[in-house]
Amino acid sequence: MFYYVLKYVLLGPLLRLLFRPRIEGLEHVPDTGAAIVAGNHLSFSDHFLMPAILKRRITFLAKAEYFTGPGLKGRLTAFFFRSAGQIPVDRSGKEAGQAAIREGLGVLNKGELLGIYPEGTRSHDGRLYKGKVGVAAMALKAGVPVVPCAMIGTFEAQPPGQKIPSLRPITIRFGEALDFSRYEGMENEKAALRAVTDEIMYSILELSGQEYVDRYASVVKAEEQEAAKAEKKGQKEKKGLN
């Protein structure tokens with residue numbers, strides 16, 4: 001119930017008024033039935049801008065940290081995310097991927113719309129990274145179409161570390177639904193899962209026009225953080241010698 005209060009009364013009208021997002025290809029999102037909307041993930045704002053403009057309710061898989069904060073603030077944050085149509089998924093441990101697939105299939109089996117970011121995390125530099133195969137596993141196991149989506153301008157409006165978004169033009173662009181029925185019965189084959197995922201990512205790339213990196217965002221981000229730490233340590237040591 002509160003989802004629709006947020007969408008039509010509180011948050012939705014405010015987002016549409018402030019950002020005046022340009023919507024393209026909305027007709028590609030099915031009016032009924034289960035489907036996956038797979039998009040690039042550039043900003044914290046993405047979680048709320050897409051649901052604000054869709055006609056249907058959409059449920060996103062979100063990292064569990066949004067739901068486990070301490071104290072009153074943590075409880076309010078968890079309530080807000082649940083009300084906004086987010087499902088917590090623990091991204092740590094060996095079973096993280098399977099847990100996300102189970103939660104996603106639960107949404108799809110009810111004939112609902114599932115939102116997912118195949119990159120698995122927000123892009124830290126605005127580029128599009130290699131997709132994880134969970135989106136393919138869900139699409140093949142549930143036998144549902146995948147609608148590619150590109151968020152354009154949200155990275156500039158709210159890059160990592162910026163709490164309050166800037167008012168900039170935003171475009172939300174949907175592509176034609178992708179049918180993977182030709183892979184029926186192949187949901188446990190690694191080659192099929194990678195082929196489906198790569199096709200989804202290529203469709204997102206065509207819509208967004210981003211630079212593509214054929215590596216996982218989490219790996220690149222970790223490497224850059226380690227390099228920054230090493231450089232900082234080297235500077236301190238050099239300063240100590242002087």
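Two strands are taken to pair if DSSP finds at least two bridges between them. The model discussed here is predicted.

The description begins with the sheet. Seven strands form an open sheet in the order β1-β8-β7-β2-β5-β3-β4, and the pairing is mixed. At its edges lie β1 and β4, the latter covering residues 86-89, and each of these strands pairs on one side only. On average, neighbouring strands of the sheet are turned by 25° against each other, direction ignored.

Strand β3, residues 58-63, is joined to β4 by four bridges, and the two strands run parallel. Within this pairing, K63 has V89 of β4 as its bridge partner. A helix also belongs to the picture: α7 packs on the sheet and touches β2 (35-39), β7 (146-152) and β8. The direction of α7 makes about 35° with that of β7.

Side chains of opposite charge can pair when their charged atoms come close. A salt bridge is counted here when a side-chain nitrogen of Lys or Arg is within 4 Å of a carboxyl oxygen of Asp or Glu. By this rule the model contains eight salt bridges.

Which residues are linked with E24 in a network of salt bridges? The network consists of R22, E24 and R173. Between E24 and R22, the closest N and O atoms are 2.9 Å apart. R22 is exposed, because its relative accessible area of 54% is over the 50% limit. E24 also meets R173 in a salt bridge, with an N to O distance of 2.6 Å. Because E24 lies in strand β1 (residues 22-24) and R173 in strand β8 (residues 171-174), this pair ties together parts that are 149 residues apart in sequence. R173 itself is partly exposed, with a relative accessible area of 25%.

The side chains of E199 and R182 meet at 2.6 Å, N to O. E199 belongs to helix α7 (residues 190-208), whereas R182 is in the loop between β8 and α7, so the pair ties together parts that are 17 residues apart in sequence. With a relative accessible area of 28%, E199 is partly exposed.

Definitions and conventions:
Residues numbered from 1 in each chain as written. Predicted model: local features only at pLDDT ≥ 70, side-chain atom pairs only at ≥ 80, totals over all residues. Heavy atoms only, no water. Buried < 20%, exposed > 50% of the residue type's maximum accessible area, 1.4 Å probe, protein only. Axes fitted to C-alpha atoms, helices over the stretch in contact; angles between N-to-C directions. Contact = heavy atoms within 4.5 Å.
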